[in-house]
Amino acid sequence: MGVEFIYPEFEVVRNDARCIACRVCERQCSNEVHAFSAERGAMVSDETKCVNCQRCVSLCPTRALKIVKSDCTLRENANWSNQTIREVYKQASSGGVLLSSMGNPKNFPVYWDKILINASQVTNPSIDPLREPMETHVSLGKKPDRISRGADGKIVCELPPQIDLAMPVMFSAMSYGSISYNAHASLARAATELGILYNTGEGGLHEDFYRYGPNTIVQVASGRFGVHEDYLEAGSAIEIKMGQGAKPGIGGHLPGAKIVGDVSRTRMIPEGSDAISPAPHHDIYSIEDLRQLVYSLKEATEYRKPIIVKVAAVHNIAAIASGIARSGADIIAIDGFRGGTGAAPTLIRDNVGIPIELALASVDQRLRDEGIRNNVSLVVGGSIRSAADVIKAVALGADACYIATAALLALGCHLCRTCQTGKCNWGIATQRPDLVKRLNPDVGSERLVNLMTAWRREIMELMGGMGINSIEALRGNRLMLRGVGLNETELRILGVAHAGE
Amino acid sequence: MTSICAEGLKHRELNEAIRGVDGPCRVEACCGQRFIAAGMSDKELVIKGVPGNALGAYLNGGRITVQGSAQDAVGDTMNAGTIVVHGNIGDAAGYAMRGGKIYVRGNAGYRAGIHMKAYKEKVPLMVIGGRAGSFLGEYQAGGVIVVLNLETPQEKCVGFFPCTGMHGGKMFLRSACENVTFPQQVTVRPADESDMTELRGYVSEYCELFGLDTEVVLSSQFTVVTPDSSNPYRQMYVAN
């Protein structure tokens, strides 16, 4: 207390007229905010522990609870925000590096919201997806530059390995360890039902999920956790993780406390030992070295699987992507600075990287200019929030999108941004069995399927409105986009005209 | 043993040829082909010449013997099996290896045994007969690294910055290591009797392979390095 005390960020408002002291809130809160006071015969709360995950609010049978932002704040200061001052206090008390979760919450421009989509009027009539076939299927991988014919004059149809997706969206990498078994089960099942792919992240693949292999991307990161021959063979594609949008340039540390039971087994490291993913791959210092890892994986899997190289969107992303496109990789995944994470140093999450919209536009343009766009497919993530974002991304040049935060929201995440504690009340970012079981994979996978089905319908509606009946015809079709309130530099990088032009 | 002449073969062709062989296989005239035996399980492979980078990457069993030197990234992420190199090896050997053995008669380059790990019965072993370059055992999370420095005892057995970020496993260095600088988070001490018994288990097969006398090799002073903590970053963060 005293100088170390920071007034709680949230207040628990309990309507005593409604509260029946059933103690559901107490049982539901892993942060131990609520308690029953026998002395007072009523529920009491300790707001200092509240993270505003809304679990108690959602489960209170009499709607007696709400969590509100505290109005006990420091004197207003446009330069020294309350948040900044709190962070200084925390560091002065602990000497620690600030650690946060999920994506960058700061007020940076969201370019998706400054881009508008076209629609047909009068000429080039729009298409009604309710009565006309609409193609949302995409295949990711290298495409030949030209048609070639065999000795018999027939077209050679053999393609390098491809991933087939029923719609241009995949579930982005989230490791088993950062999220729970039930969360992984939900993602795997939903991906299978939807005809799309989910991604193991760097924590290995739980033995129970090998059967979802055809809908799985297995990841190889600098720590190489759980990477072995069977794992590489298990998925439809292999992703080399070079970087992550939430924390470009740094590695990851899954604390030993989370390396328990199945997580330890799946990562193939002892219980209680930190899982350290070094910042760089220590065998990759150049595009040539990257090429070596790409081809070692191709050789190990006999050229049957496309190799994805995932990088964070950073300043020279176009040049970096050009290098990757020449490394032998089949697919480049780019993660924007708003991408989520289970834990990242706050300052890195909030200050490093660039918006995915600008990164995507510049990469697509660069690869076209260099005549190597067909060498690779482009997948983008780092805050794709809706079907409209997907459509805009495809029109800017993406082949498909990665979503993770949106998928977690479907599973029940309330974006309280405290995944790093491992006490997720929604059973997602936790390994505590009593919390994990709160997420029912039957319900979770159904909600994911619902979300993606709705997005697919919206994608078809938006395409139909533009008079386009195949997602392939939308890719890189920037004429379908207009900017609003953007300056000339932004418009130039995005390669779109201003609205009204 | 089936013989394959590697002359003029690209790595993909050579690997296909090796995969096509049932039983033991000998590769002649190897000249820098990369990724040989990547992901291979349970095959006996003898290589004459110099295999290129990433020899035995993701190796999952079997045995590779190189009658010559090997280049970078030998045994990258290997899971099981044995790699024996009669010459020297390049950089980043045994990166993240989780199981199996790498025996090298000569020297190792930079970053040998980086992020080596162990899990239950899987305890990888790397024995380097000569010297190791800088950054030996960086981030080592498990397994055993032995550096014997058999030929040039007057020289330092390892380069700069060994064991940085080490948080598991064990390292044996055949030297008093007075001239080697270690990071703060490891314990460096002379090998005691139980260490030497453990070491004998690692070194005897090695000596047999290369025709060395185990007793002579073990008669020198050894230094043992172990990490102080398996959670080196625990106190670094504050929740925000």
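**Figure 1. The loop that holds A:Glu302.** A:Glu302 lies in the loop between helix 7 and strand 15 (307-312) of chain A. The model shown in this and the following views is predicted. Although A:Glu302 is not a glycine, its phi is positive, at about 55°. This residue counts as partly exposed because 14 C-beta neighbours lie inside 10 Å, a number between the limits of 12 or fewer for exposed and 20 or more for buried.

**Figure 2. The loop that holds A:Ser383.** The loop between strand 18 (377-381) and helix 11 (387-396) of chain A contains A:Ser383. A:Ser383 is not a glycine, yet it has a positive phi of about 90°. With 24 C-beta neighbours inside 10 Å, A:Ser383 counts as buried.

**Figure 3. The largest nonpolar core and the surroundings of A:Cys401.** The largest nonpolar core has 222 residues, and A:Ile332, A:Ile334, A:Val379 and A:Cys401 are those with the most contacts inside it. Helix 14 (residues 441-466) of chain A gives the most to this core, with 9 residues. Domain 1 (2-96) and domain 2 (128-475) of chain A each contribute at least three residues to the core. Leaving aside residues up to four places away in sequence, A:Cys401 touches A:Pro168, A:Val169, A:Val379, A:Val380, A:Gly381, A:Ile384, A:Val390 and A:Ala393. In soluble globular proteins, nonpolar side chains tend to be buried together.

**Figure 4. The contact between the two domains of chain A.** Chain A is assigned domain 1 (2-96) and domain 2 (128-475). Their C-alpha centres lie 35 Å apart. In this contact, 9 residues of domain 1 of chain A meet 7 residues of domain 2 of chain A. On the side of domain 1 that touches domain 2, the residues divide into 3 nonpolar, 5 polar and 1 charged.

**Figure 5. The contact between chain A and chain B.** Chain A places 37 residues in the contact, and chain B places 41 residues there. Helix 3 (82-94), strand 5 (97-100), helix 5 (229-234) and helix 7 (287-300) of chain A each supply at least two residues of the side that touches chain B. The largest share of that side, 5 residues, comes from helix 7 of chain A. By residue class, the side of chain A that touches chain B comprises 13 nonpolar, 17 polar and 7 charged residues.

**Figure 6. Strand pairing across the two chains.** Strand 5 of chain A and strand 12 (residues 237-239) of chain B run parallel and are joined by 3 bridges. A:Val97 has B:Tyr237 as its bridge partner in strand 12 of chain B.

**Figure 7. Parallel strands within chain B.** Strand 2 (residues 25-31) and strand 3 (residues 44-50) of chain B pair in the parallel sense over 5 bridges. In strand 3 of chain B, B:Leu45 stands opposite B:Cys25. Strand 3 also pairs with strand 4 (residues 60-67) of chain B, in the parallel sense and over 5 bridges. Here B:Glu44 has B:Arg63 of strand 4 as its bridge partner.

**Figure 8. The fold of chain B.** Chain B contains 3 helices and 12 strands. Its C-alpha atoms fill a box of roughly 55 × 50 × 30 Å, taken along the principal axes. The radius of gyration of chain B is 18 Å, which agrees with the value near 18 Å for a compact globule of 240 residues. Of the 240 residues in chain B, 54% are buried. Among contacts in chain B between residues at least 6 apart in sequence, 37% join residues at least 24 apart.

Methods:
Residues are numbered from 1 along each chain as its sequence is written. Chains are lettered from A and ligands numbered from 1 in the order in which they are written. This is a predicted model: local features need pLDDT of at least 70, side-chain atom pairs count only at pLDDT 80 or more; totals for chains, interfaces and linings use all residues. Helices (H or I, at least four residues) and strands (E, at least two) are DSSP runs, numbered from the N terminus. Ala, Val, Leu, Ile, Met, Phe, Trp, Tyr, Cys and Pro count as nonpolar, Asp, Glu, Lys and Arg as charged, and the others, Gly among them, as polar. Two strands pair if DSSP finds at least two bridges between them. Domain bounds come from an automatic or database domain assignment. A nonpolar core is a set of buried Ala, Val, Leu, Ile, Met, Phe, Trp, Tyr and Cys residues joined through C-beta atoms within 7 Å. The radius of gyration is taken over C-alpha atoms; the globule rule is 2.2 Å times the number of residues to the power 0.38.
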